[in-house]
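Open the structure in your viewer and keep the selection tool at hand. This tour goes from stop to stop and says what to select next.

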Amino acid sequence: MRILTPLSLAVLALASFTASSQSPRAPKAQLAPPQVVAQTPPMGWNSWNFFFEKVTDKDIRNSADQIASTGMKDAGYIYVNIDDTWEGERDASGVLHTNAKFPDMKALADYVHSKGLKIGIYSSPGPKTCAGYAGSLGHEEQDAQLYAQWGIDYLKYDLCSFIPDVMMKQTPDDKAAQMRMMIAAYDKMNKALKATGRPIVYSFCQYGWDAVWEWAPSVGGNLWRTTGDIQPNWDRIYDLLEQQAGLEKYAGPGHWNDPDMLEVGNGKLTPAENRSHFSMWAMLAAPLLAGNDLPNMKPEIRAILTNRDVIAIDQDRLGKQASRVYSDGEVEVWSRNLSGGAIAIAVLNAGDNRYSTHPFHLDLAKLGLHGPLQAKDLWTGKPVTLTQNMPLEIPSHDVLLVRIEAPK
Ligand code: GLA
């Protein structure tokens with residue numbers, strides 16, 4: 001028999017209170033079946049990587065304006081996602097209100113929708129979010145209904161306080177039981193979202209623990225973080241990239257590995273580093289959620305984020321994530337199969353020195369290919385001919401990204 005701790009009793013009490021305080025829902029028969037979402041990796045922008053806790057309603061509106069006017073929307077960036085720190089307090093009925101930074105969420109969602117864009121929001125299965133704001137524990141159905149009423153299209157659900165406040169407290173010494181609780185918590189919100197009848201992309205954020213890629217799709221995950229948080233420096237970006245090798249078999253239409261949001265245009269990343277980061281996330285079929293200061297975006301950053309050829313790799317409808325085929329010193333060769341029999345190849349010099357692997361020779365045979373091959377360099381836009389063992393000069397932290405339409 002399970003022993004109920006004071007905390008679990010509190011959770012149960014909260015849950016039953018919530019159930020009795022729910023606003024009446026439409027009978028199931030009247031709901032349209034949820035539409036299929038995330039058939040290609042979601043694209044958009046998220047507030048966290050630039051604004052962190054400071055984000056306001058105005059920042060979201062300004063960012064939506066920029067996405068619509070800079071060509072980003074036309075390039076495929078659709079979701080405008082509010083991360084943590086929008087949450088206020090719950091009222092006596094348990095209904096969550098926004099804080100003063102977000103005076104009217106419905107009006108904000110209407111504004112974002114008026115630009116032809118979609119809007120995302122953030123919560124936690126725990127009592128608190130990572131930044132210490134109200135989480136959804138015990139209010140999952142109520143919150144899902146609220147999101148649907150507001151017109152929310154995307155939810156990032158961040159484990160955070162669920163670990164110490166629920167998992168560790170309820171079953172301190174039983175890792176397997178903790179994992180079951182976590183999966184059940186993600187499934188609870190999954191069911192609550194589905195019950196709204198609104199198509200809502202469901203993004204898991206639990207830092208890649210417990211082989212999340214193996215179970216997330218079964219509880220509605222459209223994407224799941226595979227790592228801890230990204231930072232705008234090369235070492236961290238490369239560290240996250242290295243953790244993706246081998247996860248390719250778990251990605252596909254409707255369910256994607258998420259190596260975290262983009263830092264393109266943030267921190268002190270060099271032009272080569274911004275290009276490589278964007279190229280490799282496209283090779284990984286990663287969600288492309290920009291995280292930069294859009295009103296002050298430099299033309300060269302916009303050019304990277306809106307490179308249609310690179311975006312087409314990410315958004316390829318086959319949804320086959322790249323594999324790391326081989327590496328030589330600090331140069332790595334990744335390849336990805338694309339629809340129509342095409343292939344993308346990325347050759348990345350992850351090292352600090354241009355000559356770290358000098359001279360680097362591209363071994364087409366290791367990729368199962370035979371030169372000469374006609375390809376397009378997706379950063380210069382120019383044709384290139386690839387031959388067996390051709391020497392390549394790739395500057396430090398830069399990448400050669402090519403697409404081959406008819407490989408042989
Ligand atoms: C965690 C997540 C981040 C961000 C913050 C918000 O650290 O991994 O992406 O959402 O929480 O508090």
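Start by selecting Asp314. Setting aside neighbours within four places in sequence, Asp314 is in contact with Pro41, Trp281, Ala282, Ala285, Ala286, Leu288 and Arg336; contact means heavy atoms within 4.5 Å.

A word on the model before moving on. Residues are numbered from 1 along each chain as its sequence is written, and side-chain values use heavy atoms, with hydrogens and water left out. The model is predicted: local features need pLDDT of at least 70, side-chain atom pairs count only at pLDDT 80 or more, and totals for chains, interfaces and linings use all residues.

Stay on Asp314. It belongs to helix 13 (residues 308-314); helices (H or I, at least four residues) and strands (E, at least two) are DSSP runs, numbered from the N terminus. Is Asp314 buried or exposed? Asp314 counts as buried because its relative accessibility is 0%. Buried means under 20% relative accessible area, exposed over 50%, and partly exposed in between (1.4 Å probe, protein chains only).

Next, select Trp281. Beyond its neighbours within four places in sequence, Trp281 has contacts that include Ile230, Leu240, Pro259, Pro287 and Asp314.

Widen the view to the nonpolar core, a set of buried Ala, Val, Leu, Ile, Met, Phe, Trp, Tyr and Cys residues joined through side-chain atoms within 4.5 Å. The largest one has 94 residues, and Tyr77, Trp86, Phe278, Trp281 and Leu305 have the most contacts inside it. Helix 8 (residues 175-196) gives the most to this core, with 7 residues. Another core, of 20 residues, lies apart from it; Ile343, Val347, Met390 and Leu400 are among its members.

Now go to the ligand. How many residues surround the ligand? There are 13, and the closest are Asp83, Asp84, Lys156, Asp158 and Asp229; a residue counts here if one of its heavy atoms lies within 4 Å. Pick out Asp229: one of its polar side-chain atoms lies 2.5 Å from an oxygen atom of the ligand. For Asp83, the distance from a polar side-chain atom to a ligand oxygen atom is 2.6 Å.

Last stop: Ser136. Look in the loop between strand 5 (118-123) and helix 6 (140-150). Ser136 counts as buried, at 0% relative accessibility. Its side chain makes a polar contact with the side chain of Ser123 (2.7 Å). A polar contact is a pair of N or O atoms within 3.5 Å; within protein, one must be able to donate a hydrogen and the other to accept it, and residues adjacent in sequence count only if both atoms are side-chain atoms.
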